[in-house]
Protein chains: 2
Amino acid sequence: MAQLSDSIEHFIKDLMTEDAHVELRRNELAQHFGCAPSQINYVLATRFSVDHGYIIESRRGGGGYVRIVRMQTRGEPNLLNILLNRVGNSVDEETAVAIISNLRERDMVTDSEAALMRAAVSRNALALPISAKDVLRAAVFRNMLVQVFKNLEEGKRHDV
Amino acid sequence: MAQLSDSIEHFIKDLMTEDAHVELRRNELAQHFGCAPSQINYVLATRFSVDHGYIIESRRGGGGYVRIVRMQTRGEPNLLNILLNRVGNSVDEETAVAIISNLRERDMVTDSEAALMRAAVSRNALALPISAKDVLRAAVFRNMLVQVFKNLEEGKRHDV
DNA sequence: TTCTATTGACCATCTTTGACTATTATAGCG
DNA sequence: CGCTATAATAGTCAAAGATGGTCAATAGAA
């Protein structure tokens, strides 16, 4: 028997057959399926996570929304997931810089973007006791990695 | 539906495409959008702050008005310093995001770059067991600001 | 039993409104 | 002419409204 979660999953995927992204109201969707709103989060977490090839953006408050973006598997499938795992909870500057160079070589970021990313993860930027630096760097870097992929999907890069 | 606040913001920005300033009646505008007059103040406070690059002047009483002026720091040689001073040793997310929008509106960064910067200074990125979030954010942000200016100088932006 | 799904209580964020306050111009009065 | 009352504006701030997020408890399926 089709689970509620499966129905919701298919419903969302149907919405995405045309476009690589879809925007919806969490509460509306929950109401449509007669379930708790948090059920939607469960579906997103279990079927639309980064390792499933999706990125979620959302906003609260009046006019809030949940946006689901499907990543294109360009080159290695699920490169973002691989990179996020590589970074984990702690990463040193050298590794971060290497990953950034790699993204540049794949032409996934511009020179400027790469430079910005290096600026954000540099020793300089993270004025903290050494032990904590790598942890903070990982957090900042992970966030930026996700953004790189969102940029690619959303065609925000008009450049190069 | 597009948020009321967003509509008002765009309405005002449309009025400003020609001129660097616009003058309006708070009550008239509120009536035009069928909302409470204080809604206008909310939009001004959240989208036209000094950090966003605007200055608001107003006058009460008969013949009162609200004037919105876009600051022209075009070619301001010291903009980087001004921004670095503004950021200082500690900056909250709201301010950082406002400055990033400002840079975007001045076309000093691309959409992607702006998004990357937001990712780096977001709550999310700094969700750590560290109390001094604003201090860290300031350090990361300062570094990125310097990089934005370097990017501009080095003409690394082949885009737009 | 063990893994997955569902729910609900509580939290976070963003927007909109309204009551109350502050300021300014102007008409009327002495 | 100077003063005051009134009308016409705009500002502030706290509460209510509108969304979405998290997490732990519970229920259901394998």
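User: How do I read a polar contact to the DNA here, and which phosphate oxygen does R59(A) approach?

Analyst: A polar contact is a pair of N or O atoms within 3.5 Å; within protein, one must be able to donate a hydrogen and the other to accept it, and residues adjacent in sequence count only if both atoms are side-chain atoms. In this case, a polar side-chain atom of R59(A) sits 3.1 Å from a phosphate oxygen of DNA strand C. In chain B, the side chain of Y42(B) brings an N or O atom to 2.5 Å from a phosphate oxygen of DNA strand C, and L4(B) uses a backbone N or O atom at 3.1 Å.

User: Good to know. What should I keep in mind about the model itself?

Analyst: This is a predicted model, in which local features need pLDDT of at least 70 and side-chain atom pairs count only at pLDDT 80 or more, while totals for chains, interfaces and linings use all residues; side-chain values use heavy atoms, leaving out hydrogens and water. Residues are numbered from 1 along each chain as its sequence is written, with chains lettered from A and ligands numbered from 1 in the order in which they are written.

User: Which residues come nearest to DNA strand C?

Analyst: A residue is near a strand if one of its heavy atoms lies within 4 Å of it. Of the 27 residues around DNA strand C, the nearest are S5(A), S38(A), Y42(A), S5(B) and R59(B). Sugar and phosphate make up 65% of the atoms of DNA strand C that come within 4 Å of the protein.

User: And what touches DNA strand D? Is there a base contact or a phosphate contact?

Analyst: You will find both kinds. A polar backbone atom of G61(A) is 2.8 Å from a base oxygen of DNA strand D, whereas the side chain of S58(B) places an N or O atom 3.1 Å from a phosphate oxygen of DNA strand D.

User: How do I describe two packed helices?

Analyst: Two packed helices are described by the angle between their axes and the distance between the axes. Helices are DSSP runs (H or I, at least four residues), numbered from the N terminus. Axes are lines fitted to C-alpha atoms, for helices over the stretch in contact, with angles from 0 to 180 degrees between N-to-C directions. For helix 2 and helix 3 of chain B, the axes come within 8 Å and cross at roughly 100°. These two helices of chain B are therefore roughly perpendicular (65 to 115 degrees) to each other.

Terms used: Parallel < 35°, antiparallel > 145°, perpendicular 65-115°, else oblique.
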